[in-house]
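Please look at the sequence and the model below with care.

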Amino acid sequence: PPAVLDVFSAIGHPRRRAIMSALAARERRVSELVVEVGGSQPTVSEHLVQLRSVGLVSSTKRGRERIYRLDPAPLDEIAEWISTLEAFWDERFERLARTVAAIDAEEES
């Protein structure tokens, strides 16, 4: 997969989103993620490396295996961005509603 530069690019890939969804339910080993999200072990491992690089995933070593878990804190940046867009569209819809109300009032006169 191409390099991940930030949280936005990290969530842009469907397999990485599937990994995040799986980890949101509970922590997992790579072998469990391979079964759940599909793909080869090296591919899933590479996606995990990329998710770790932006802080969305962390891991601990247990014996010879690594256990991965989701860290949703970096998603706050996404939530803030979406919130900005919601405010933009809310304002646009309010203006549209006022315009429609003015047209309706004018037609009723």
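## Arg28 and its partners

A polar contact is a pair of N or O atoms within 3.5 Å, where, within protein, one must be able to donate a hydrogen and the other to accept it, and where residues adjacent in sequence count only if both atoms are side-chain atoms. Such a contact, of 2.8 Å, links the side chains of Arg28 and Glu36, and a polar atom of the Arg28 side chain also lies 2.3 Å from the backbone oxygen of Ala22. Arg28 is buried, at a relative accessible area of 7%, where buried means under 20% and exposed over 50%, with partly exposed in between (1.4 Å probe, protein chains only).

This is a predicted model, in which local features need pLDDT of at least 70 and side-chain atom pairs count only at pLDDT 80 or more, while totals for chains, interfaces and linings use all residues. Residues are numbered from 1 along each chain as its sequence is written, and side-chain values use heavy atoms, with hydrogens and water left out.

In soluble globular proteins, nonpolar side chains tend to be buried together.

## An exposed residue

Is Phe93 buried or exposed? With a relative accessibility of 52%, Phe93 counts as exposed.
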